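User: I would like to learn how to read the packing of helices and the lining of a pocket. Could you take me through them step by step?

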Amino acid sequence: MKNYFDLTGQVAVVTGASTGLGLQMAKAFANQGANVVLLARRMNLLEENTRNIKEEFGVEVLPIACDITDTERVKEAVKATMDKFGRVDILMNNAGTGAVANAEDITDEQFKKELDIDLFGTFACAREFGKEMIKAKYGR
C-alpha cells in the first residue's frame, strides 16, 4: 500500500521553529522523511532542535536564524536553503505572535509589531520561498 504521507527527499521550511507548534510541525515533517529547514530568531534553540531532530529522525536539518519581518534575512534564508538542498517543496508559515491584552490596552506599537510578524512576515516568506517553488513548478 502506498504511503501518501511519505515526504522522503522533500524539503520543508518551517518558520517559528524554535518552540511550540513550529517545532512540532518540523518534527512531523521529519517523521515523514522530509529534510527540514528551521527558521526562527533564537539560534541557540534552533541548534538544540537540529541535534534532536537529526538524532530522532535521521534527516538533514538546516537551522537558520531569521527575523521574518526583515526581507533581506528572508532572502538569505532562501539562498541558504537552495545552497544546501537545491530545492524547497513545502513552506509551513507558522511564525506568529499574539498580544495578551484587551484590545483597548494594546498600543499602536504592539499592534504594528503583530502585523509585521503575522501578516508581513508570512507574506515575505511566501513570496521569497514561492519564487523557488514557481521556478520548480512545484511547491506547497
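User: At what angle do helix α1 and helix α2 pack, and how far apart are their axes?

Analyst: Two packed helices are described by the angle between their axes and by the distance between those axes. In this predicted model, helix α1 (residues 20–31) packs on helix α2 (residues 43–57) at an angle of about 30°, and their axes lie 10 Å apart. Because angles under 35 degrees count as roughly parallel, α1 is roughly parallel to α2. The crossing in which α1 passes α2 is right-handed.

User: How do α3 and α4 cross, and is their crossing left-handed or right-handed?

Analyst: Helix α3 (residues 71–85) and α4 have axes that come within 10 Å and cross at roughly 35°, and this crossing is right-handed. On the α3 side the contact is made by T71, V74, K75, A77, V78, T81 and M82, and on the α4 side by F120, A124, C125, R127, E128, F129 and E132. Eight of the residues in the contact of α3 with α4 are nonpolar, two are polar and four are charged.

User: How much space lies in the largest pocket, and what lines that pocket?

Analyst: The largest pocket holds about 440 Å³ of space. Its lining has 21 residues, of which G16, R41, A95, G96 and I117 are the closest to the centre. The elements giving two or more residues to this lining are α1, β2 (35–40) and α4 (108–136).

Notes. Residues are numbered from 1 along each chain as its sequence is written. This is a predicted model: local features need pLDDT of at least 70, side-chain atom pairs count only at pLDDT 80 or more; totals for chains, interfaces and linings use all residues. Side-chain values use heavy atoms; hydrogens and water are left out. Axes are lines fitted to C-alpha atoms, for helices over the stretch in contact, and angles run from 0 to 180 degrees between N-to-C directions. Helices (H or I, at least four residues) and strands (E, at least two) are DSSP runs, numbered from the N terminus. Angles under 35 degrees count as roughly parallel, over 145 as roughly antiparallel, 65 to 115 as roughly perpendicular and the rest as oblique. A crossing is left-handed if the near helix is turned anticlockwise from the far one by less than a right angle, and right-handed if clockwise. On a 1 Å grid over the protein atoms alone, a cavity is a set of points where a 1.4 Å probe fits but cannot get out, and a pocket is an open set with protein on both sides within 12 Å along at least five of seven lines; lining residues have an atom within 4 Å of a point. Grid points are joined across faces, edges and corners, and a volume is the space filled by probe spheres set on the points. Contact means heavy atoms within 4.5 Å. Ala, Val, Leu, Ile, Met, Phe, Trp, Tyr, Cys and Pro count as nonpolar, Asp, Glu, Lys and Arg as charged, and the others, Gly among them, as polar.
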